[in-house]
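Here is a short report on side-chain packing and helix contacts. Look over the sequence and the model first.

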Amino acid sequence: MRRFDLTFKRKVVRDYLSGKGGYKILAAKYDIANSLVRSWVAAFQHHGSAGLVRQRGRYTRELKLEVLHRRAAEDLSYRELAAIYNIGNPHSITMWQQQHERGELCSPPCIPPWDNPEPTKKKTSPRSPES
């Protein structure tokens with residue numbers, strides 16, 4: 001996967017905002033996917049140049065729940081939410097949604113299955129008598 005520096009991203013966004021082309025035209029001009037142009041423009045509009053800097057990190061349970069709540073309340077797409085919250089990969093939000101549906105993002109914090117206070121008994125196989 002190609003990586004793009006901040007200067008290049010700014011140039012593409014500047015071209016879009018100055019009307020030099022739409023997503024598809026600029027994507028063809030710079031030989032990149034039009035989804036990249038769209039996400040860079042959205043990130044820039046919400047966060048300025050800071051939105052174009054690659055973000056990596058862990059997100060708190062509270063932030064994940066806030067994002068999912070806002071999605072439900074405002075009917076926003078994963079891509080829109082990623083731009084608003086400066087989340088590098090919109091697919092992360094899809095994963096949070098699935099975790100939430102399985103009850104893994106509950107509030108207060110869930111008890112992980114390995115911390116179950118009632119341990120399960122191991123099944124033992126019957127021993128054969130020694131001869």
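Tryptophan 96 touches Tyr59, Lys64, Val67, Leu68, Ile87 and Leu105 (contact means heavy atoms within 4.5 Å), leaving aside residues up to four places away in sequence. This is a predicted model, where local features need pLDDT of at least 70, side-chain atom pairs count only at pLDDT 80 or more, and totals for chains, interfaces and linings use all residues. Residues are numbered from 1 along each chain as its sequence is written, and side-chain values use heavy atoms, without hydrogens and water.

Trp96 belongs to the largest nonpolar core, which has 12 residues. Such a core is a set of buried Ala, Val, Leu, Ile, Met, Phe, Trp, Tyr and Cys residues joined through side-chain atoms within 4.5 Å. Buried means under 20% relative accessible area (1.4 Å probe, protein chains only).

H5 gives the largest share, four residues. A second, separate core has 10 residues, including Val13, Ala27, Val37 and Trp40.

H5 also packs on H3 (residues 34-47). The angle is about 40 degrees and the axes, lines fitted to C-alpha atoms over the stretch in contact, lie 8 Å apart. On the H3 side, Ser35, Arg38, Ala42, Ala43, His46 and His47 meet Arg79, Ala83, Ile84 and Tyr85 of H5.

Definitions and conventions
Buried < 20%, exposed > 50% of the residue type's maximum accessible area, 1.4 Å probe, protein only. Helix = DSSP H or I, 4+ residues; strand = E, 2+ residues; numbered from the N terminus. Axes fitted to C-alpha atoms, helices over the stretch in contact; angles between N-to-C directions.
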